[in-house]
Amino acid sequence: MRLELHKVKVRDVQWGEKTCVKDGVLYVNKQAAINCVKEEERFAKVDLELARPGESTRIIPIKDAIEPRVKLTGKGGYYPGFSAPMGRCGDGKTFVLDGAAVLTCGPIVAFQEGFVDMSGPGAVYTPFSATQNIIMVVEPIKDLDPHQYELILREGGLKLAVWLAEQCKDAPADVVEVFEKGTVPEESAKYPQLPKVIYVCMNITQGLLHDTYVYAADIRPSLPTLLHPNEVLDGAMVSGNCVSACDKNTTWHHVHNPIVAALYARHGKELNFLGVIPTQESTVMDGKLRASQMNLSIARELGAEGVIVSEEGYGNPDTDLCLNARNFENAGIKSVVVSDEAAGTDGASQSLADATPEMTAFISTGNVNEMLEVPAMDKVIGWPETIAHLSGGAAESLREDGSMFVEMQAIIASTAEIGFNRVGCEWI
Amino acid sequence: MTREIENAAGIPVVQIATIVPIMLTVGANRIVPGVAIPHPTGSPELGKAGDKATRRELLLRAFKAMETEITYQTVFE
């Protein structure tokens with residue numbers, strides 16, 4: 001498979017007569033973009049806002065982030081099964097508005113979305129303080145079922161992101177990134193001496209608005225499967241998650257997965273990257289045992305010698321993490337796990353809900369309970385009072401002057417467990 | 001809490017919980033596996049009668065666990 005990412009660097013976003021990208025500025029025709037989203041009749045109100053790095057702006061509550069992309073080859077569209085016809089992705093040319101992001105904003109579950117500050121001390125913890133953001137601020141029609149609300153917000157965000165890229169796709173790329181790799185047998189024949197490494201990407205798959213989609217299929221009731229890394233980097237995975245903000249893998253994160261990128265960069269040099277197993281975090285014990293067993297089965301069938309496992313969320317998924325580490329180690333496959341920690345506001349509590357002696361290599365992406373003081377912002381997009389209900393927030397978090405005292409976990413992707421950020425924990 | 005009640009008051013505690021490994025890790029002594037994280041003590045998908053049957057069976061098992069002498073962490077399947 002050969003994937004070309006044709007990236008146009010976006011350094012600013014502005015409203016404009018015509019939606020286009022010129023000299024690094026993304027111009028958006030506000031009404032046309034609103035109309036694109038408003039085709040969905042279950043939205044009572046749709047508005048768009050812009051937020052740029054460095055501005056004194058807070059966005060709350062955010063559910064998902066999506067990078068504007070569209071296929072230049074094949075059937076067009078993006079995110080197969082959602083905004084593109086069903087079919088395999090990962091091949092051909094993809095147009096990317098690099099540096100732009102669509103953020104979906106609206107109080108769905110009321111407790112498992114997060115916020116982003118575009119400047120100040122909270123900004124360093126999220127990648128979306130550094131992107132040029134187009135924010136979809138929506139309200140559903142009266143009495144809309146939360147599952148339907150989540151669905152229209154998820155699909156609306158994808159649709160807007162693809163629409164923006166579609167309007168701009170004739171712009172010449174600033175850079176073209178190429179990802180090329182053959183099938184497992186082809187690559188194994190090419191690099192017989194290199195250790196075979198597989199990546200297990202754990203996903204929140206727990207129903208009740210805690211879902212992840214692969215090729216538009218809710219993977220909660222399915223078994224783990226195998227993806228070529230190009231498929232992950234080209235929109236096969238979509239977040240449908242209302243989990244704690246800090247460690248949800250947004251749709252934006254999936255196409256930027258740093259573990260996939262790092263393994264790819266070493267492929268054919270230090271290791272043979274076999275592929276990605278998107279796997280489940282079930283709500284029943286047998287489901288956890290089944291998924292971790294299937295992860296091992298796939299890895300063994302492919303001859304894996306090493307595995308990297310990343311978690312999504314915390315709490316009961318810590319058991320899935322432990323089961324994965326135990327299964328792989330007991331089968332003689334070296335495992336490294338990547339996870340955040342819920343170690344309490346003082347960092348002194350047991351940081352995972354579960355533990356196992358086989359989990360010998362652990363990379364921490366930070367303590368979700370770390371407290372943070374964030375000042376008032378000049379502008380607030382969304383509903384600032386929702387901090388009272390977000391994980392990491394409390395009734396007293398929002399003060400009269402607009403400043404907040406919150407846990408890290410209220411910030412979108414602050415402890416992303418695919419290792420996107422720079423936060424970690426020190427050895428002591 | 002389970003351990004503290006046992007330690008402080010000497011009252012045997014049965015923990016009904018879905019994710020048994022976590023219960024083992026935190027040191028619960030009498031463990032009855034629950035159904036699922038969103039509904040540990042019932043089976044709503046089985047309808048009213050099925051749900052009641054699940055709850056009754058779990059409760060009877062918990063009573064049995066409470067009455068059973070143990071010397072180490074025990075899972076009552």
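How many residues does the contact take from chain A and from chain B? The legends below take up this and other close-up views of a predicted model, in which local features need pLDDT of at least 70 and side-chain atom pairs count only at pLDDT 80 or more, while totals for chains, interfaces and linings use all residues. Residues are numbered from 1 along each chain as its sequence is written, and chains are lettered from A and ligands numbered from 1 in the order in which they are written.

**View 1. The contact between chain A and chain B.** Twelve residues of chain A and ten residues of chain B take part, where two residues are in contact if their C-beta atoms, placed from the backbone, lie within 7 Å. On the side of chain A that touches chain B there are six nonpolar, five polar and one charged residues; here Ala, Val, Leu, Ile, Met, Phe, Trp, Tyr, Cys and Pro count as nonpolar, Asp, Glu, Lys and Arg as charged, and the others, Gly among them, as polar.

View 2. Chain B has three helices and three strands, arranged along the sequence in the pattern α-β-α-β-α-β; helices (H or I, at least four residues) and strands (E, at least two) are DSSP runs, numbered from the N terminus. The C-alpha trace of chain B spans about 40 × 25 × 20 Å along its principal axes, and 25% of the 77 residues of chain B count as buried. A residue is buried if 20 or more other C-beta atoms lie within 10 Å of its own, exposed if 12 or fewer, and partly exposed in between, with C-beta atoms placed from the backbone. In helix α1 (residues 2-9) of chain B, the number buried is zero out of eight residues, so this helix lies largely in the open. After α1(B) comes B:Gly10, whose phi is positive, near 70°.

**View 3. The crossing of helices α1 and α2 in chain A.** The axes of α1 (residues 30-38) and α2 (residues 146-168) of chain A come within 9 Å and cross at roughly 140°; such axes are lines fitted to C-alpha atoms, for helices over the stretch in contact, and angles run from 0 to 180 degrees between N-to-C directions. The two helices α1(A) and α2(A) are therefore oblique to each other, a word used for what remains once angles under 35 degrees count as roughly parallel, over 145 as roughly antiparallel and 65 to 115 as roughly perpendicular. From α1(A) the contact is made by A:Ala33, A:Cys36 and A:Val37, and from α2(A) by A:Gly156, A:Lys159, A:Leu160 and A:Trp163. By class, this contact has five nonpolar, one polar and one charged residues.

**View 4. The largest nonpolar core and another core apart from it.** A nonpolar core is a set of buried Ala, Val, Leu, Ile, Met, Phe, Trp, Tyr and Cys residues joined through C-beta atoms within 7 Å. The largest has 118 residues, and those with the most contacts inside it are A:Ile59 and A:Leu97. Its largest share, eleven residues, comes from α2(A). Leaving aside residues up to four places away in sequence, A:Ile59 touches several residues, including A:Leu103, A:Phe115, A:Ile135 and A:Ile381. Apart from this core lies another, of eleven residues, among them A:Met285, B:Met23, B:Ala28 and B:Ile31.

**View 5. A:Lys379 in strand β22.** A:Lys379 is found in strand β22 (residues 379-382) of chain A and is exposed, with 12 other C-beta atoms within 10 Å. A:Lys379 touches A:Ser56 and A:Thr57, not counting residues up to four places away in sequence.

**View 6. Backbone details in chain A.** Most residues other than glycine have a negative phi, and most peptide bonds are trans. The peptide bond from A:Ile60 to A:Pro61 is cis, with omega near -5°, and A:Pro61 has its place in strand β6 (residues 57-66) of chain A. A:Asp143, which is not a glycine, has a positive phi of about 65°; A:Asp143 is found in the loop between β11 (132-140) and α2 of chain A and is exposed, with 5 other C-beta atoms within 10 Å. A:Leu209 also has a positive phi, near 75°, in the loop between β13 (196-202) and β14 (210-214) of chain A, and counts as partly exposed with 19 C-beta neighbours inside 10 Å.
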